[in-house]
Amino acid sequence: MSRNPQRFVAPELIEQFIAACRVAGHEVIVTSVDRSFEEQQALYAQGREALGLVNALRRLAGLSPLTDKENKRRVTWTLNSRHFPDRRGRSHAFDFGIVRNGAYVGDVKADLDGDTIPDYLECARIGEALGLVSGRHFRNPDYPHLEMPQQAKDGRDADHIAG
């Protein structure tokens, strides 16, 4: 699992996202750009399978083992991920995390700046303003996930094609 913005199809968007979040008062880090199928499979098993199987899959994927407590939370809802590299070796998605006072903030409802808007929602909106699609709109909302819009076969942005 890479955190390298250069593995994203448009690394300049990650740089712009981080800078815009900083201006809004939020320090963000990239937590994941591209993943192998083995990594995605291990993440998908988390919170769904017994700890022994989850940790066996994590070991095969080169990930560190989890505790029983960590295995209670699901972290992905799909095996068909936009984090998988395309033919050019680039991911079409990245995940981010908010950091406050040097500590990762995992609570997507946290409003640490006290403006009555959850901080992850603020950052998701910043990503959307840059033209990215936020995971907050997914059936199972994923606020720390941003991805490129899907392209139609003719190359146009599929989100803007009337059907």
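## Helix H2 and its packing

In this predicted model, the buried residues of helix H2 pack against helix H3, which spans residues 51-61. H2 itself covers residues 37-45, and its buried positions are Glu39, Gln40, Ala42, Leu43 and Ala45. Just after H2, Gly47 has a positive phi of about 80°.

## The nonpolar cores

The largest nonpolar core has 21 residues, and the members that touch the most others are Phe8, Phe17, Val28, Phe94 and Phe96. H1 supplies the largest share, five residues. Another core, of seven residues, lies apart from this one and has Ala42, Ala45, Leu63 and Leu66 among its members.

In soluble globular proteins, nonpolar side chains tend to be buried together.

Leaving aside residues up to four places away in sequence, Phe96 touches Phe17, Val28, Ile29, Val30, Thr31, Tyr120, Cys123, Ala124, Tyr143, Pro144, His145 and Leu146.

Strand E2 is largely enclosed by the rest of the structure, because seven of its eight residues are buried.

E2 pairs with E1 in the antiparallel sense over five bridges, and Gly97 in E2 is the bridge partner of Ile29. The pairing of E2 with strand E5 (residues 142-147) is antiparallel over three bridges; here Ala93 stands opposite Glu147 in E5. Strand E3 (residues 103-105) also pairs with E2 in the antiparallel sense, over three bridges, with Ile98 opposite Val105 in E3. E2 and E3 form a hairpin with two residues between them, and Asn101 in the turn has a positive phi of about 55°.

## Cysteines

A search of the whole structure finds zero disulfides. Cys21 is in no disulfide, and the nearest cysteine sulfur, that of Cys123, is 3.5 Å away. A disulfide requires cysteine sulfur atoms within 2.5 Å, so the sulfur of Cys123, 3.5 Å from its closest cysteine sulfur in Cys21, is too far for a bond.

Both residues are buried: Cys21 has a relative accessible area of 0%, and Cys123 has a relative accessible area of 0%. Cys123 is also one of the residues that Phe96 touches.

Conventions:
Residues numbered from 1 in each chain as written. Predicted model: local features only at pLDDT ≥ 70, side-chain atom pairs only at ≥ 80, totals over all residues. Heavy atoms only, no water. Buried < 20%, exposed > 50% of the residue type's maximum accessible area, 1.4 Å probe, protein only. Core = buried A, V, L, I, M, F, W, Y, C linked by side-chain atoms within 4.5 Å. Helix = DSSP H or I, 4+ residues; strand = E, 2+ residues; numbered from the N terminus. Contact = heavy atoms within 4.5 Å. Pairing = 2+ DSSP bridges.
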